[in-house]
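Hello,

Please find the structure below, followed by notes on what turned up in it.

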Amino acid sequence: MNVYWRLLKYIKPHLALFVLAVICMFFLALTSGVSLTTIVPITNIVFEPNDTLSYSDTINYKTSFKDILKLDKKAILSVIGGKTRLDKLTRVGILLILIFLIKNIFFFGQKYLTVRVEQGIVRDIRNDVYLKYHSLPLSFFHGKRSGELISRLTNCLLYTSPSPR
């Protein structure tokens, strides 16, 4: 556990990027849930054969976020809008494309920021280890091959990185 706390101190210089990556992860999870779980209920509401609600009923409806989360028919139709079923279908398609676009933007941000933090931490650890190697006395290097030392250093630091090997 002590080694973990020593390694955790390397995240401090990269904390802002790490927090942004976590925020992107949160919004990625949110948009993934919205995009996949709402497709069927929204299409059922839009294409229900017994459509008793008219376009004028949905125009004056005060939509609340709570009603949308409950998948209330009037709330969803007032957000989607459209007079005909073709208009509604077009708007649902555009809405789904926008949701997937936003989801993929958050996916890219999460991946980019996570890799940047990871590589920054590995770079900082390597710099500290190389500084330590340079401060060691010359007698340390007499009995050891330099290739062995560099190989050990490179491989040990490779295992601190969670990226695929």
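Arginine 123 is partly exposed, with a relative accessible area of 46%, whereas aspartate 124 is buried at 16%. Here buried means under 20% relative accessible area, exposed means over 50%, and partly exposed lies in between (1.4 Å probe, protein chains only). These two residues form a salt bridge, with their closest N and O atoms 3.5 Å apart. The term stands for a side-chain nitrogen of Lys or Arg within 4 Å of a carboxyl oxygen of Asp or Glu. Searching the whole structure gives 1 salt bridge.

The model is predicted: local features need pLDDT of at least 70, side-chain atom pairs count only at pLDDT 80 or more, and totals for chains, interfaces and linings use all residues. Residues are numbered from 1 along each chain as its sequence is written, and side-chain values use heavy atoms, with hydrogens and water left out.

On the fold, the protein has 9 helices and 0 strands. Both are DSSP runs numbered from the N terminus (helices: H or I, at least four residues; strands: E, at least two). Helix H6 covers residues 73-80 and includes isoleucine 80, which is buried with a relative accessible area of 7%. Between isoleucine 80 and arginine 91 there are 11 residues in sequence and 6.2 Å in space, C-alpha to C-alpha.

For the protein overall, 25% of its 165 residues count as buried. Of the contacts (heavy atoms within 4.5 Å) with a separation of 6 or more, 68% come from residues 24 or more positions apart.

Regards
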